[in-house]
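Hello,

Here is the structure I said I would pass on. My notes on it follow below.

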Amino acid sequence: MADNLVSEMRKLFNMAQDGVVASKLCNMMEDIQKNNNEDAFYAGFINHLQKAMVFYNAATCVERVMEFAAAFTTFATIKKQKEAKEGDSMASELEDDVTEVFLANILKFLVQNHNSRDKAVRYRCCQLINKILNCMGEDAMIDEDLSDSIYECMMIRIKDRSPRIRIQAVLALVRLQDPEDEECPVIDAFLHSMRTDGNADVRRTIVANIALSRKTLPYVIGRTRDVKDSNRKSAFLTLAEKVSIRAFTIAQRVKLLSVGLKDRSNAVKQACGQMVKAWLRSYNQDIFKLLEAIDLEESVECAENLIDYILKEALPEKLQEYIKLVKDLGEETNGPVKLVTFDKLTPEISYFWYMLCKHLIGMGENGELMLQQLLPELTNFCEYIKLYAERNFIDSAIITAFNGDESGTQEFILEYLLKIAGLLDFSDEVGRKNLKSLVHDLLVAETMPLSLASVLVERYINAESDENKFVTDLVETIADIKQPLVQVVTTAMKENNRRNELKLARIRVAINECQEDLDNAVKSNDFHQAAVLKEQMTSHEKEKESLLDEMNMGKINEPQRVEKDDPETMLKCMTVASSMLYHVRKSAHLAKSSTLLTLKDELIFEGIKNEDPFIRNEAIKCLGHISLISKDFAAQHLVLFLQVAQVDQELLQITSVNTIFDLFLMYGLEAFNTEQPNSKKNEESNNEEDTTMVSQEEQEETEGNKTNIEEEEGENEEPTIIEETPPEEQKSNAGNAAESVLEIMVMFLEGESPDLRTSVAEGMAKLLISGRIVSAKILTRLILLWYNPITEDDIKLRHCIGVFLPLFSFENRSHQEIYEETFLPVLKTLLNAPTSSPLSRVDVTNVVDLLIQLTDVRNLVQFNVTTDTSQNNLLNTLETHVHDSLAMRLANEILSDPEDPDVKLFCKTLTQLAICPKNVATIRDLIELSSQITEVFEGNRVAKKSIEKFQSTLERLLIDGGGSMSSTGQESQDATVPPAVEANSTPIADLDSGARNNTLTDTDADKTLTDTENELPPNKHKLSSSSEKIASKSKRSKIQDSRVSSASVDFRVNPKASTVEVEDEDEEMESESESEGEEE
């Protein structure tokens, strides 16, 4: 009987491997169960199940067995539920106890073996529990004790070493969530793993299955900034399918759209697009309500990305619908185009109108016909804007009194009406005149918002192409703002007008009385009295006309210009002047024009002296714009900008700093240096310093090494030295104004103001990457600033330097040599930092890995050459590498102080360098230095071992003698361009703690090569140090998978297989493999 049971059961399990329908097999297995003892049946079922549970890797035959086992375990329970729904539960009552016992026994078996030493068994236990719970109906119930056991063991497995086991544990716990419980332990475990788990698949599984509630929603939104593209995509899809737009706050909506629509991955953008479409459906495709939902006026950039995506995805038929939607809001005008009525004009409509027109213009000829339906003639639209401005701004006091404070909304609408005007056809001369008149009137109007000044100036330059005329007209407009025409009324004139008004009132009363008496006289037929009254009325009328003439004569008075010096008027004049100068192109003739000279003397310099910081700030901007027009003017006022940057308020300091860097970028530092008799001697004595300035003529040269650059400088012009000058030597170097200014700018990097520090760092990065300066000291400061924990919350600073470092390094060979010079100063600064300094908390090994990659010539080649063949050819032609000289520096540094505790780090660094195999002389020198280091490291075994490894690699390179390029260490054999993370992609740990050195990443994220912006965050630059091992493990794993897939499970009875375990040594090897290849 037992043999028959085993053979029948084995036959069904083998059929399951072949893909026979599970329902058919379940019916056959149920017949076997009914015809046999329950204990024997259970033992045979478990025995066959164990044979499949020892396979860890995915195989179709094994997965089919797991599906069959789960289906049969719940088959009787599901069958009973169906019969209960149909009202026929009599048959199931007899088998109730047997069915429930079998299901409970299977689950107990899986719970008992979940903690097996074999990861395959742990994986299959979690997988089967997950499948059994999913197969049970929604209304199914299990014993409370058994439920608690499942909960406890899966909570342990969610922290398993294997990611695949953790995934199955998550899936098994999904149905045990209670979103109504604020302290649900399952949800808390999910949230913890979602934030900290190092495997991307685990995080993605949690995102797709976690119960969404007020508590969990912010964490799912946080996954939209995950380091893995697939996780970000999954987060957006989950939010699109399960969450309504009304469940988000405005800030969350804006964050989601800003992150998703600008993501570097097209798949993530498409997923965010699915969310946008779901939001539109919730508003019945009303795009205006969607814009209102994100608070358009406060999030214009986000709205621009949103409308751009919607219009790009729209078909021509949909664009016609949008055009009709805008046209239906208008009424007939003098032209063929309907313009939106003022009572229907909202910020959302005006903005969408502008974006739609802009999109149609971008379509070229395909959108020309549709564009004609939206854009009117310039003259008609100028009249339209004028009427709207008069209605909403000319008498703003009355409007505010009756309608409330809606000036912000009306200001936004008028701004985008003016932007729409910039899209019109300016070929019409009459239209251009009307536009210039409109701009002038709006600028002069006292109630016009200051924020519209820049837009109005842009429209004026559209209408006036002649730059001289443009400047002259706007200077006259500024004069009209500052000195408007007003009617002068004295006190005597006011008194005389009051007396005349009283006389006029008495005359009108007398006329009215005479009229009443005349009517009565006529009714009573007293014609004599009527004639007398008629004469009196005539006399009063003449007196009235005489008095009116006198009053009108008194009113006729020539208007006079009255100068206004209130802060509002001055700020408006400064803003208009700044906007005007911003659009002026560089012209020596224009810079010396009397118009600009008058503006400078009468307005800008007066603004510099004003007490209001905002007026001074606009005045500094004006001076900066003029300086960008004229080099001589810039040289004259450089000291003024420096003084403002040193002593004024932070707002003006930032403006002055930005201006100074703009001038250096425009003209170069040599334009601000004055010659002195002893300047040549000073330059010759300083030629050996580490910081030099490249002349403006040499910026074209971007290739070659540092020696070539220095030779070219020597031929063309003596280099100017930029270094920190002692006080006693400042007088001798007084002529080097630009260098002195730059020294002061460097001091701001240590200031307390984060905004000022960011502006200076950005300016320094621009000077370095543009070739205006070549300075290892400044680069060292930027690297230290990037790693300094005090800048952790300064996102803009981190992003700026993170983008700069790889771009600057991989631009040309000479830049990598500058990084070589910064190597030891950076490390010494960090290693010698006192414990009270924030720099003492920086992970120095992380910094070393970064600098090694930034100085690796292979990364330089890979960044600039696309094909592998070209890369190899270029690498084989190189005679030296930057790492060659860096190795010499490190070796000499080690020999200089062998007892230094930091020599272990230097020795390890040597093993990571890529030495050029063709540089035989350097290799021999390094071998000699390695021998000397080995002799002095008799007591330092760790350092000695690293040096011996380095020396053996050098000897192999020497034997190869000019062979293909190789690396001296295992760590750099697979070196690639440093990975990067975009500004909108936040590392996992950064979302919670912001701790740099505790950020978790997965193996795939560590292998990322490049980023769209090439940013290199400090906690993301480290490449996998065991990439070759990981590759071999992946290859071995694939071989195992193919072996399992091609074979079937042998279900023959093994009487010794009572438990499913493996040898301890095998499990330790598997655990070690997982920890190296799959987890942090």
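Arg 781 counts as partly exposed, because its relative accessibility is 25%. This is a predicted model, so please read the notes with that in mind. The side chain of Arg 781 meets that of Glu 750 in a salt bridge, at 2.8 Å from N to O. Glu 750 sits in the loop between α37 (737-747) and α38 (754-770), while Arg 781 belongs to helix α39 (residues 776-787), so the bridge ties together parts that are 31 residues apart in sequence. Glu 750 is exposed, because its relative accessibility is 61% and the cut-off for exposed is over 50%.

A search of the whole structure gives 28 salt bridges. Another of them joins Asp 160 and Arg 122, whose closest N and O atoms are 2.8 Å apart. That pair also links distant parts of the chain: Asp 160 is in the loop between α8 and α9 (163-173), Arg 122 is in helix α7 (residues 119-135), and they are 38 residues apart. Asp 160 has a second salt-bridge partner in Arg 157, at 2.9 Å from N to O.

On cysteines, the count of disulfides comes to 0. Cys 126 is in no disulfide, and the nearest cysteine sulfur to its own is that of Cys 153, 6.7 Å away. Cys 126 is buried, with a relative accessible area of 0%, and Cys 153 is buried at 2%.

On the surface, Asp 143, Glu 144, Asp 145, Asp 148 and Glu 152 gather in a patch of negative charge. One of these, Asp 148, is found in helix α8 (residues 144-157) and is partly exposed, at 35% relative accessibility.

Two backbone angles are also listed here. Most residues other than glycine have a negative phi. Gln 285, however, has a positive phi near 65°. Gln 285 lies in the loop between α15 (266-282) and α16 (287-293) and is partly exposed, at 40% relative accessibility. Asp 295 also has a positive phi, near 55°. Asp 295 lies in the loop between α16 and α17 (300-313), and its relative accessible area of 30% makes it partly exposed.

Regards

How values were computed:
Residues are numbered from 1 along each chain as its sequence is written. This is a predicted model: local features need pLDDT of at least 70, side-chain atom pairs count only at pLDDT 80 or more; totals for chains, interfaces and linings use all residues. Side-chain values use heavy atoms; hydrogens and water are left out. Patches are made of residues with over 30% relative accessible area and no salt bridge: like charges are joined within 9 Å, nonpolar side chains (Val, Leu, Ile, Met, Phe, Trp, Tyr) within 5 Å. Accessible areas come from the Shrake-Rupley method with a 1.4 Å probe; for residues, only the protein chains shown count as cover. A salt bridge is a side-chain nitrogen of Lys or Arg within 4 Å of a carboxyl oxygen of Asp or Glu. Lys and Arg count as positive and Asp and Glu as negative; His and the chain ends are not counted. The place of a charge is taken as NZ of Lys, CZ of Arg, CG of Asp or CD of Glu. Helices (H or I, at least four residues) and strands (E, at least two) are DSSP runs, numbered from the N terminus. Buried means under 20% relative accessible area, exposed over 50%, partly exposed in between (1.4 Å probe, protein chains only). A disulfide is a pair of cysteine sulfur atoms within 2.5 Å.
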